[in-house]
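User: I am new to this structure and would like to go through it by question and answer. Please show it before we start.

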Amino acid sequence: MRCYGNPLSRRGFLAAGTLGGLGLTLPELLMRQAVAEQKQYDFVEAKAKSVIHIFLPGGLAQQESFDPKPYSPLEYRGELRTIKTNTGEEFCETVPQLAKRADKFSIIRSMSHGEAAHERGVHNMFTGYKPSPALRYPSFGSVVSHEYGPRNNLPPYICIPNVPNEFAGTGYLPSSFGAFSLGADPTRDDFKVRDLDLAGGVDQERFVQRKNALEIVNRHFVSTSAADNVQAMNTFYQRAYDLLDTPAAKEAFDISKEDAKMRDRYGRNQAGQRMLMARRLVEAGSRLVTLTYGSWDMHTDITASIRGQMPALDVALSTLLDDLSERGLLDETLVMLTSEFGRTPKINADAGRDHWPKVFSVMLAGGGIKGGMIHGASDSTSSEPEENAVSPADLATTMYRLLGIVADKELMAPGDRPIEIVDGGKLIEPLMV
């Protein structure tokens, strides 16, 4: 007997584009192969239940904060002096309250990437990826929302006061994993989170009737359309109903319920009230809260600019660490203070510092991070890392691991492309408990 070959050979199948009687098209087969080839992951125990990501837009100067250079020439070190921390390290004099609490947090002095433009630096520090023209990557909050979903009917990802930039979005993930933004600043006397109260004239009974009617309509649209915006809107409505039906969740957004003395401790300013709101939200169940404070793009007169903005941050962040610790929440809440890059080693002709991504500083506290440590170092003029350079991918990988997420897990991007949550990042193990 002679074998004449399989008429459904691999070459013949690819040419035909179908798998005959099995009814599989080529795209379907490739999709199944991609799913089958996705990595398998072992369980990772989470050290942190929540993250408070404090982002300082513009580029915080490392020299005027956590990495002063007191022995450099004046044109490098700047006009400000240093202060001793309670662990024996030196910080800039601008953070006296944090210096007293240096045993509660750690500083990375060797953060580094290659993006000197604001937008590209922000992308790095919100996603852990370099910008790509081919794909939009999801932010930390959207990945956490995708992996864990809501807890206690609180949105898993919240931005204070608003989504801070385009890179804080969902990227290639569905829109339903986007952030819930307050839509107002908790510093204002008339602060009120939008859409958390029933419309005028709508009581609870009428609300339930509207909810049931909408569910009927939504079932039709979801069953007839796979469009992302339809699916996302259905998810948004359901989460909104869950939030409106949960008094404790709604109350977390009402900062007026907070003790007046505690509000004073944080400071009745943007830094203080935004951080207090973040504490209320993670305490109630939100998984990742992103907030912004200030404008740190100090190209001119950096000494006066730093002195104007840093005191409120110093007090508010110190109070946040104390408050979380007093409530027994610091060990399970990762506090992360970042900026898109640092500032140039040398003071410019306008008495300011320009963009400098080669080396800058980041602060980490709680949630599985050791206290009282300095990781990495910059050189004598803060020009580049001298030891233990840390990339945005390394920082993201460490953050995800502390949350119990494997950073090289693959998520599906459009076109059924498996994409790692973070590509190539390494754990910053010396900082991890």
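Analyst: Serine 112 sits in the loop between β4 and α5 (118–127); helices (H or I, at least four residues) and strands (E, at least two) are DSSP runs, numbered from the N terminus. The model is predicted, so local features need pLDDT of at least 70 and side-chain atom pairs count only at pLDDT 80 or more, while totals for chains, interfaces and linings use all residues. Residues are numbered from 1 along each chain as its sequence is written, and side-chain values use heavy atoms, with hydrogens and water left out.

User: Which backbone oxygen does the side chain of serine 112 reach?

Analyst: Leaving aside neighbours within four places in sequence, serine 112 is in contact (heavy atoms within 4.5 Å) with residues including Pro357, Lys358 and Phe360. At 2.6 Å, the side chain of serine 112 reaches the backbone oxygen of lysine 358.

User: How far apart in space are the C-alpha atoms of serine 112 and glycine 342?

Analyst: In sequence, serine 112 and glycine 342 are 230 residues apart. From C-alpha to C-alpha, the separation in space is 9.0 Å.

User: Is glutamine 62 buried or exposed?

Analyst: Glutamine 62 lies in the loop between β1 (50–55) and α3 (74–77). Buried means under 20% relative accessible area, exposed over 50%, and partly exposed in between (1.4 Å probe, protein chains only). Because its relative accessibility is 1%, glutamine 62 counts as buried.

User: With which serine does the side chain of glutamine 62 make a polar contact?

Analyst: A polar contact is a pair of N or O atoms within 3.5 Å; within protein, one must be able to donate a hydrogen and the other to accept it, and residues adjacent in sequence count only if both atoms are side-chain atoms. A polar atom of the glutamine 62 side chain lies 3.2 Å from the backbone oxygen of valine 359. At 2.9 Å, the side chain of glutamine 62 also has a polar contact with the side chain of serine 382.

User: Where does α12 bend?

Analyst: Helix α12 (residues 302–326) has 25 residues and reaches 35 Å from its first C-alpha to its last, close to the expected 36 Å, which is 1.5 Å times one less than its number of residues. The bend at a residue is the angle between axes fitted to the seven residues ending there and the seven starting there. A proline, proline 311, follows the bend within four residues. The bend, about 35°, is at methionine 310.

User: Why is α13 described as largely enclosed by the rest of the structure?

Analyst: The buried residues of α13 pack against β1, β4, α5, α6 (140–148), β8 (333–338) and β11 (360–365). Helix α13 (residues 392–402) is largely enclosed because its buried residues number 10 of the 11.

User: Which strand gives the largest share of the lining of the largest cavity?

Analyst: On a 1 Å grid over the protein atoms alone, a cavity is a set of points where a 1.4 Å probe fits but cannot get out, and lining residues have an atom within 4 Å of a point. The largest cavity has a volume of about 40 Å³, the space filled by probe spheres set on the points, with grid points joined across faces, edges and corners. β4 (105–111) and β12 (373–375) each supply at least two residues of its lining. The largest share, three residues, comes from β4.

User: What percentage of the residues of the protein chain count as buried?

Analyst: The protein chain has 13 helices and 16 strands. Of its 433 residues, the buried share is 50%.

Notes: On a 1 Å grid over the protein atoms alone, a cavity is a set of points where a 1.4 Å probe fits but cannot get out, and a pocket is an open set with protein on both sides within 12 Å along at least five of seven lines; lining residues have an atom within 4 Å of a point.
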